[in-house]
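This report describes helix packing and a chain contact. Please look over the sequence and the model before reading on.

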Amino acid sequence: MTSIPMEYYLVLSGFMFSVGIVGVLIRRNAIVVFMSIELMLNSANLTLVTFSSYLGNVTGQVFVFFVMTVAAAEAAVGLAIIIAIFRNKLTVDIDKINIFKW
Amino acid sequence: MSLYDIIFYLFAAITILSGFIVVTSKNIVYSAFSLLFTFFGVAGIYVLLGADFIAIVQILVYVGGILILLLFGVMLTNKITNVDIRTGTIHVLPGAVAVGVLMGLLLSAMVWTEWKTQPSETPVTTTVTLGRLLITDYILIFELLGILLLIALIGAASIARREQE
Amino acid sequence: MELSNLSHSLNLLLPELTLSIALLVLVLFDLIFHHDKKIISYVALIGLLATGFFVINQFSLSGFAFSTGNESYRNFGMITIDSFGSFFKLIVIVASVIIVFFSLSSDEIKKTSERIGEYYALIFGMILGMLFMISATDLILIYLSVELLSLSSYVLAGFTKLRERNSEASLKYMIYGSVSSGLMLFGISLVYGMTGTTNLYMINSLIQIPHLNLFTFSFAMILIFAGIGYKISSAPFHFWTPDVYEGAPITITAFLSVASKAAGFALLIRFVKITFVSYIDTSGFWQLIHVFDWKTLIVVISIFTMTLGNFSALWQDNLKRMLAYSSIAHAGYIMLGLAVLSNQGLTAMLIYFAVYLLMNLGAFLVVMLIANKINSEEIDDYDGLGYSSPFLAASLAIFLISLTGLPPTAGFIGKLYLFVALVDANMIGLAVVALLNTVVSLYYYVRVLKHMYLTKPETAIPEIKTSKPNTILVLVLLIPIFIFGIYFTPLVDLAKGCITILGL
């Protein structure tokens, strides 16, 4: 194993998670919001892999494998929905999509 | 500083910086390309952690799949004639406050918690173990994932298709 | 995993297997018979009935399936089959069967009849996700089943594409959903780091050791609750509910409000019960391990949820939107049963869910039948409906009265058992808050009745005729509301027999 303490990896993932949340909260473009969600998922994956390797237990990596698959499925469905909206409204800004109060 | 340290700091810097660009860049294409570097950075960290298989899957699925999908999304929702692909931001201040609090909580949790660890061993390749687990202990979830992908496929095709009038 | 173990596990998984096979048959038939789509609905119905049959068969069964580990050391399973799970599975299946009948007579769905195969395939995906949510006892499986349910419902919320708001409902649902499941995943990863396992039973035995970092653990629990709270639309995570319920096709709205909520609650109850209860004392109260104060969290959130739901419903002019807020309020009431943390509270929750299934589906059914004709869900368009179409108006009135919780309807029994459980647990303050909330809810339910019976319509409206099958469907939902309102012993007995959650 490396000489890097476990906390370093965790702090890195914590930073990434926060950056993802920032993106979700402040960005208007739905696609960028999706990118930020991918950042959040990536940071959760990083946490899982870190724990898995410091625990010497592969379960965490199995989980990460599943999460990646789900993330891919989610991205596909998400973009399909965005395209459907774009066809109707010619915008993907979530605050211009305002039939509903956002 | 050992070689490991340097590699770690390098990848960590790439990950954080490019992640930051993803959420702050006004140009959506820049965001998409920085995301590429974030994914690579994370893959590098996985290698450092001894998760070789996951690192490869990270590159295959995220870079080869999700990122391409996102880029397609960008292209399909920004007409060539309409080159304005800059995107704005909303409620920055409350967002910053909320995230500041969350980040404080998160980082203190990460640093102060006594995580459960085992004495480290020399990293071995994980592919065999992973493969065996996937078709023994986790066979149910593996199969369920197949159904999930089928549903995602049907759903995405169903909603993105243009209706014939 | 040895073969004998696998076949034992598969035996316990018969409902889920049947449903998966039905899903595949559905997709195949959709490809083969693309001229005659009628057959698809029948295939869906048969698949659901077969699944229901196996669920009922399982009622007496209990056990663990798909246990991990090796020969020398075997963990508990990823899936737990017990009567509690079977009860909720039955609720989901019954709701699904009714939804199929809904879809047969819904105008919105008829307009997309060439895509009906996809519609049912996605609904089956939802049901499969719910069944796994109800019986999952492993955090990985919990995350995956929640995602399966979510992915299918995101698409279904925007399925018809007839109106702009369909796909917007879909996008909004998706963004909130992905964020909350991301939060949940992060919470799960923290729990994994602290305990080194994802199995709920293992976590239960591991968190009994004293030196656990409580701050991080509570933080992780709140993150996990974000994911579950989103599914049951409890207060801080309810933002999507009104818009999605209003924008989605009404069949899907009804399904989300009953089945998806039931699955979310089953997951929450099982999660709390298995992970945190150290033992059950003689009077049936659950004694929690002192690592996270679920009681306070649930009490606060449930008060917040019902108050917010009821007060927001007061100002709604769209009936679908009003029912959305009312369903948020009902989630708050049901959570009260969990706040008690006792077997009695659990019984009350089960009773409430059985009743809620009937009355909420009924209300949505009538709203749909009326919307089929007058093409509106605005409350002003209901003026004088009590005279032009007495049957529909009367049934809607009864469903709404039952939702308020007045006797002699079944809704009263549901609320009564909840309040009794609260009073028995000496939580009288909470019972009073819930009672006051019920009074508030009376106002907006009665407002609909006022429009139907007391307001004169500006233009004369024609009678809304219902076809025979629809009349029967309304009656099927309506009659049990009276039966269970007066003769409720069988329901109570059923619920009392279904509170077994396999624990340590």
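## Contact between chains A and B

Two residues are in contact if their C-beta atoms, placed from the backbone, lie within 7 Å. The contact takes 71 residues from chain B and 65 residues from chain A. On the side of chain B that touches chain A, α1 (3-24), α2 (28-48), α3 (52-77), α4 (92-112), α5 (127-135) and α6 (139-160) of chain B each give two or more residues. Helices (H or I, at least four residues) and strands (E, at least two) are DSSP runs, numbered from the N terminus. The largest share of this side, twelve residues, comes from α3(B).

By class, the side of chain B that touches chain A has 47 nonpolar, 21 polar and three charged residues. Ala, Val, Leu, Ile, Met, Phe, Trp, Tyr, Cys and Pro count as nonpolar, Asp, Glu, Lys and Arg as charged, and the others, Gly among them, as polar.

## Basis of the model

This is a predicted model, in which local features need pLDDT of at least 70 and side-chain atom pairs count only at pLDDT 80 or more, while totals for chains, interfaces and linings use all residues. Residues are numbered from 1 along each chain as its sequence is written, and chains are lettered from A and ligands numbered from 1 in the order in which they are written.

## Helix α14 of chain C

The 22 residues of α14(C) should span 32 Å at 1.5 Å a residue, and its end C-alpha atoms are 32 Å apart, which agrees. The expected span is 1.5 Å times one less than the number of residues. In α14(C), 22 of 22 residues are buried, meaning that 20 or more other C-beta atoms lie within 10 Å of a residue's own, with C-beta atoms placed from the backbone. Leu341(C), whose phi is positive, near 55 degrees, follows α14(C).

The axes of α11 (residues 240-247) and α14 (residues 319-340) of chain C come within 8 Å and cross at roughly 140 degrees. Axes are lines fitted to C-alpha atoms, for helices over the stretch in contact, and angles run from 0 to 180 degrees between N-to-C directions. The two helices, α11(C) and α14(C), are therefore oblique to each other. Angles under 35 degrees count as roughly parallel, over 145 as roughly antiparallel, 65 to 115 as roughly perpendicular and the rest as oblique.

## Helices α6 and α12 of chain C

Helix α6 (residues 116-135) and helix α12 (residues 250-276) of chain C have axes that come within 7 Å and cross at roughly 20 degrees. That makes α6(C) roughly parallel to α12(C). Met130(C), Met133(C) and Ile134(C) in α6(C) meet residues of α12(C), including Ala259(C) and Leu267(C).

Terms used:
Buried ≥ 20, exposed ≤ 12 C-beta atoms within 10 Å, placed from the backbone.
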